[in-house]
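Q: I have a model open on my screen and would like to learn how to read it. Could you walk me through some of its features?

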Amino acid sequence: MKDLSHYRNIGIFAHVDAGKTTTTERILKLTGKIHKIGEVHDGAATTDFMEQEQERGITIQSAATTCFWKDHQLNIIDTPGHVDFTIEVYRSLKVLDGGVGVFCASGGVEPQSETNWRYANDSKVARIIYVNKLDRTGGDFYSVVKQVDEILGAKPLVMVLPIGIEEQFTGLVDLLTQKAWIWDDSGDPMNYEIKDVPADMADDVALYREQLIELAVEQDDAVMEKYLEGEELSIDEIKNCIRKGTRDLAFFPTYCGSSFKNKGVQLVLDAVVDYLPNPTEVRPQPEVDLEGNETGGVAIVDVDKPLRALAFKIMDDRFGALTFTRIYSGKIAKGDTILNTATGKTERIGRLVEMHADSREEVTVAQAGDIVAIVGMKNVQTGHTLCDPKDPATLELMIFPDPVISIAVSPVNKGGSEKMGMALSKMVQEDPSFHVETDQESGETILKGMGELHLDIKVDILKRTHGVEVEVGKPQVAYRESITKRLEDSYTHKKQSGGSGQYGKIDYVIEPGEPGEGFAFESKVTGGNVPREFWPAVQKGFASCLDKGMMAGFPVADLKVTLTDGAYHAVDSSAIAFETAARAAYRQSFPKAGPQLLEPIMAVDAFTPEDYVGDVIGDLNRRRGMIKSQNPTATGSRIKADVPLSEMFGYIGDLRTMTSGRGQFSMLFSHYAPCPKNVAEEVITEAKERQAAK
């Protein structure tokens with residue numbers, strides 16, 4: 001049986017281009033997992049094994065690997081930083097016990113860092129902070145520490161101080177041991193010396209060490225009393241306090257270095273072992289019913305308890321479907337039969353593998369605390385719970401955002417339809433934020449995703465990985481329709497066709513719902529004018545109309561219907577009659593209730609050097625953007641704005657042109673807002689033309 005106290009399940013997450021994948025490569029080299037370092041910019045990083053990742057120099061899907069450091073097993077997940085792939089970060093953090101948040105020393109806390117930090121807070125994941133790229137121009141460790149405090153509202157616990165800045169960065173002072181780690185210029189991470197603290201840093205080291213100890217001892221009353229009485233604390237006592245505070249999210253041990261130059265990564269690995277929790281020390285995973293309500297039960301990390309495991313990622317490769325699984329309690333062995341509570345079906349475990357990026361090592365058994373991949377599972381999707389058939393339970397569900405952008409695709413060759421269908425169904429299983437629909441009228445295949453890059457990558461995977469050449473239509477925005485007025489109305493459905501007829505009368509109120517609430521239905525009928533058994537039929541009738549609005553055929557959002565009265569016939573009334581009445585009532589009332597078109601608004605976070613701020617703000621205003629804030633940084637300005645998605649297509653090219661290639665931006669879906677009249681008219685006309693062409 002494995003010793004779980006020597007396990008660390010960790011994720012490496014950060015903003016795009018902060019150096020996550022480079023840091024992972026250095027960790028793999030230091031732990032002896034690889035012998036030659038692969039660079040991201042050469043397309044040779046171990047965990048970036050997709051062709052698309054190697055070409056673009058970005059991480060698209062999270063990759064898992066296992067390595068060892070100081071007798072501890074580290075299961076590491078390298079996650080993407082680009083905003084279109086945040087879903088990968090969300091589902092990885094959901095199953096991890098600890099994380100390393102990487103920040104760029106010159107870029108600081110960037111927009112995506114905030115999103116990832118929020119996900120980690122939601123999942124209550126303990127973290128250490130690593131400020132990377134200290135060798136870069138504009139690199140400033142102290143400035144990033146301040147941003148972590150002010151922007152993320154997190155308390156950094158500074159553990160090291162840098163020696164030198166930018167090109168002069170040579171090493172670190174470890175505040176606990178009060179020793180300096182100095183690396184030479186060979187680029188070999190093992191070529192370092194441990195020396196005394198440089199004389200010119202003695203005061204800073206004393207000050208920051210005192211702050212570190214004062215913050216740490218707050219975690220243990222006995223140690224605090226000893227400290228206040230002036231007794232010397234041992235390093236182990238301080239470490240125990242730091243470990244407790246890290247686990248309780250009271251603060252976040254903060255390190256720095258340059259992964260690319262191989263300086264500082266050992267101390268981060270030591271911190272993972274010393275301060276991040278093992279699987280038995282994290283909050284037990286709550287068990288829920290199929291509606292997502294907590295039952296009060298929890299999955300405790302214990303090999304002897306019944307099996308509880310969460311499938312957090314599906315990946316299709318040349319050997320078949322891989323289901324990445326975090327085991328919370330019990331164990332899984334080759335040949336076991338397990339129950340999937342989401343489908344109610346059992347499946348037999350064929351093969352279990354430990355992953356190292358895209359290579360694997362077979363294992364016969366895996367236990368609580370492990371992250372493994374199961375080969376060949378048939379009906380499992382992301383977020384499904386796998387458990388003991390004799391003792392079923394469901395773990396806390398994963399919630400994924402709705403896509404905001406869509407494109408139509410069609411195979412170039414007529415015979416490619418079936419191949420495309422099979423490829424897309426595999427891709428949907430792998431990525432819960434990617435949806436595929438068929439337009440019933442035109443027969444077109446519609447791909448829906450989180451942004452232009454997201455869909456661009458999906459089309460690329462279709463072409464190269466699955467060999468399906470497709471023609472791509474223009475991107476479409478996911479508009480919504482809604483109403484603005486409260487309306488009381490009545491509708492009677494009456495049909496006589498010999499024999500028993502159909503009869504259903506409903507009096508109802510149709511009104512705007514709360515933003516983001518979707519469809520709400522309530523019945524206030526008293527006295528049995530509409531018998532209770534027909535209420536669900538009325539609800540179903542209204543709900544069935546909401547997929548296609550009456551203005552331009554977009555889904556209807558945030559609508560509330562209240563059934564107030566009505567009438568029925570003892571013989572002619574039926575559920576079908578009331579459902580039909582509700583559908584006709586919707587068609588009658590929607591146009592009278594002040595219909596309006598809603599458009600998705602994106603929270604845009606743009607970075608620009610100071611010289612181009614005016615141009616960037618002017619351009620966002622032209623795109624109907626609402627500027628929320630403008631904050632100067634060490635190397636430029638960050639501008640936050642709410643901008644309609646329809647105005648953001650191709651923005652990256654325009655931003656780079658405006659800023660001589662130095663601007664960056666990210667955007668996240670924020671909310672839906674009413675479309676201006678002239679824009680709405682244009683969208684409705686276009687939608688009607690498309691429907692007519694079909």
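A: Gladly! Keep in mind that this is a predicted model. Let's begin with a strand.

Q: Is strand β11 mostly covered or mostly open?

A: A residue counts as buried when its relative accessible area is under 20%. By that cut-off, 5 of the 5 residues of β11 (residues 252–256) are buried.

Q: Which strands pair with β11, and in which sense?

A: The general idea first: strands of a sheet pair through backbone hydrogen bonds, either parallel or antiparallel. Here, β5 (residues 126–132) runs parallel to β11 and is joined to it by 3 bridges; Y130 is the residue opposite Y255. Strand β6 (residues 156–158) also pairs with β11 in the parallel sense, again over 3 bridges, with L157 partnered by P253.

Q: What does an antiparallel pair look like, say β7 with β8?

A: Strand β7 (residues 160–163) pairs with β8 (residues 171–174) over 4 bridges in the antiparallel sense, and V160 faces D174 across that pair. Both faces of β7 are covered too: V160 and P162 are buried on one side, L161 and I163 on the other.

Q: Which residues touch the most other members of the largest nonpolar core?

A: In soluble globular proteins, nonpolar side chains tend to be buried together. In this model the largest such core has 73 residues, and V100, M159, L212, I242 and Y255 touch the most other members. Helix α9 (residues 265–275) contributes the most, with 8 residues. To see one of these residues at work, click on M159: beyond four places in sequence, its contacts include V173, L176, L212, I242, P253 and Y255. There is also a second, separate core of 71 residues, with V468, A606, L620 and A641 among them.

Q: Is Q266 buried or exposed?

A: Q266 lies in helix α9. Its relative accessible area is 3%, so Q266 is buried. Leaving out neighbours within four places in sequence, Q266 is in contact with L30, W69, W181, W183, P189, M190 and Y192.

Q: How do helices α6 and α8 pack?

A: Helix α6 (residues 202–217) meets α8 (residues 235–247) at about 60°, with axes 8 Å apart, and the crossing is left-handed. On the α6 side the contact uses R209, L212, I213, A216 and V217, while α8 supplies I238, C241 and I242. Sorted by class, that makes 7 nonpolar, no polar and 1 charged residues.

Q: What is the strand order in the open sheet of 4 strands?

A: Reading across, the order is β31-β32-β34-β33, and the pairing is mixed. Strands β31 (487–495) and β33 (519–523) are at the edges with a single partner strand each, so one side of each has no neighbour in the sheet. On average, neighbouring strands are turned by 25° against each other, direction ignored. The antiparallel pair of β31 and β32 (residues 502–512) has 9 bridges, and T492 is partnered with K505 in β32.

Q: Which strands does helix α12 touch?

A: Helix α12 (residues 535–543) packs on the sheet against β32, β33 and β34 (559–567), and its direction makes about 155° with that of β33. Helix α13 (residues 575–589) lies across β31, β32 and β34, at about 40° to β32.

How values were computed:
Residues are numbered from 1 along each chain as its sequence is written. This is a predicted model: local features need pLDDT of at least 70, side-chain atom pairs count only at pLDDT 80 or more; totals for chains, interfaces and linings use all residues. Side-chain values use heavy atoms; hydrogens and water are left out. Buried means under 20% relative accessible area, exposed over 50%, partly exposed in between (1.4 Å probe, protein chains only). Helices (H or I, at least four residues) and strands (E, at least two) are DSSP runs, numbered from the N terminus. Two strands pair if DSSP finds at least two bridges between them. A nonpolar core is a set of buried Ala, Val, Leu, Ile, Met, Phe, Trp, Tyr and Cys residues joined through side-chain atoms within 4.5 Å. Contact means heavy atoms within 4.5 Å. Axes are lines fitted to C-alpha atoms, for helices over the stretch in contact, and angles run from 0 to 180 degrees between N-to-C directions. A crossing is left-handed if the near helix is turned anticlockwise from the far one by less than a right angle, and right-handed if clockwise. Ala, Val, Leu, Ile, Met, Phe, Trp, Tyr, Cys and Pro count as nonpolar, Asp, Glu, Lys and Arg as charged, and the others, Gly among them, as polar.
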